[in-house]
Amino acid sequence: MKRRIFLIIIVLCGVILCFSGVFLFLHSAFHGSEVQLPFQGNYLSYHDGFYTEGEGDVFRYYNQEKKFIGEYPLISSLQKEDGSYDYSSLHFTSSLAPFTDISNLVGVIDAEGNEVLPAQYESVTILDSNLFLVSSAMNYAFLDRAGNQVGASSFQTVEEVGTAFLVSVDGLYGIVGHDGNYLLEPTYQIILPLVDGDNVFFQASNGADNQYFLLQDGVLTSCSPLSFKNVIAFSDNILYYTDLEGKIHLYDTRKEEDRSLTGSYVALKPFESGLALVVNEDGLAGYINEEEEMVIPYAYSSTQAGDFTSDGLAVVGNNGYFGVIDTNEEEVLPLEYLGIQILDTDHFLVLDQNNVIKLLNKAKKDLLTDSYLSVDLVEDAPYLLVSKGKMVGLIDYEGKVLLKPEYQQIKVEEGSLFYQKENVWYQREL
């Protein structure tokens, strides 16, 4: 009898320990990696393994171990109309970061806080560990880590486009590569870029004389032999343009193949998921395939029809109401919503006719378990920020509440979740 009782006690203890282990594992999975951060500023960002904290008119840098690097004053150009400051440009890149001094000038420091470039510029953009774009007295220049100018000139304006820069010198425009040297000398009155990721199509003009250039894989080449009238778009290495007779062409810049479309379209948008949006003279939108067959007839308002996503879905509408269709024109969501945002193939943010925000799946089931004042996408992460009043929370695409709306701020950066409550910041790895 004693032996039997002893065995029962052992079994019960084992069961208790087992459940305790499962509980501890689940508790650890949700809370174990949460870290309270030693920051209390109203702004926090995490880039390149470094933290930036903003508080009022100062900002501070910390390394991966949260060791303090330095505190710096904010320059006046970062102050917004409401008196607050924009800290978004202040972060480490290639283990380097901009810093400021009390004279409102900018320089560059390294990970230990040592000065790399002195604070004597109006602005500094860190391009890589050995190249900086600086401005001073309304002039821009490229400098190396030693502070020496790279390239033969300074510029009045600089605009980054793809893997190059559109620059101007004495009112004329040219193109500079990411090494600071000219790809195209500044001899044009105007240059218009069309950006497709890292690749760019340029239309350069000197009055009536137009020339065309293509920046691809860091190499700039001329494509002037093509008879362009108007350039429509540049997407997935395909240049869409109209010729001198008004016909729409598709020029494959990789294969160097050019073909014209036979149909008469008022407008056309680039192909995606094998279909392109076209508009007829009545202002109605439909979709053609690459063989120019009309797959989805003209049936939607051109002002309420969108491109197909890479997942094969498009938002379309008529008379102020929107729905979702697939590439076979099968209805995914009916045309009865005031607004729709496609999250993925099975999740949609919608605004219904009563101005209520809903998170729907393909079965049209609302996945939200609560009502929110706003629901916003988190960039580059499958989460949604939800708010009630001034407090925010976090949910996933299934509507599961990850953080209740009781936080001052929530941010997702570089694989980490940051959230602030009662002026205390916390970090959790995703």
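Y321, L335 and L338 make a nonpolar patch of about 220 Å². A patch here takes residues with over 30% relative accessible area and no salt bridge, joining nonpolar side chains (Val, Leu, Ile, Met, Phe, Trp, Tyr) within 5 Å and like charges within 9 Å. Areas come from the Shrake-Rupley method with a 1.4 Å probe, and for residues only the protein chains shown count as cover.

A word on the model. It is predicted, so local features need pLDDT of at least 70 and side-chain atom pairs count only at pLDDT 80 or more, while totals for chains, interfaces and linings use all residues. Residues are numbered from 1 along each chain as its sequence is written, and side-chain values use heavy atoms, with hydrogens and water left out.

Back to L338. This residue sits in the loop between β31 (331-337) and β32 (339-344). Strands are DSSP runs of E, at least two residues; helices are runs of H or I, at least four; both are numbered from the N terminus. L338 has a relative accessible area of 32%, so it is partly exposed. Buried means under 20%, exposed over 50%, and partly exposed lies in between (1.4 Å probe, protein chains only).

Now the charges. How many salt bridges does the structure hold? Nine. The criterion is a side-chain nitrogen of Lys or Arg within 4 Å of a carboxyl oxygen of Asp or Glu.

Take E53 and R60. Their side chains meet at 3.1 Å, N to O. E53 is buried, at 3% relative accessible area. R60 is buried too, at 14%. Both belong to a salt-bridge network that links E53, E55, R60 and E71.

Next, K388 and D370. Their closest N and O atoms are 2.6 Å apart. This pair links distant parts of the chain, 18 residues apart: K388 lies in strand β36 (residues 383-388), D370 in the loop between β34 (357-360) and β35 (374-377). Partly exposed describes K388, at 35%, and D370, also at 35%.

One more pair: E413 and K411 form a salt bridge at 3.5 Å, N to O. E413 is buried at 14%, and K411 is buried at 17%.

Finally, the whole chain. It has one helix and 41 strands. Its radius of gyration is 28 Å, well over the 22 Å that the globule rule gives for 430 residues, so the chain is more spread out than a compact globule. That radius is taken over C-alpha atoms, and the rule is 2.2 Å times the number of residues to the power 0.38. The C-alpha atoms fill a box of roughly 105 × 60 × 45 Å along the principal axes.
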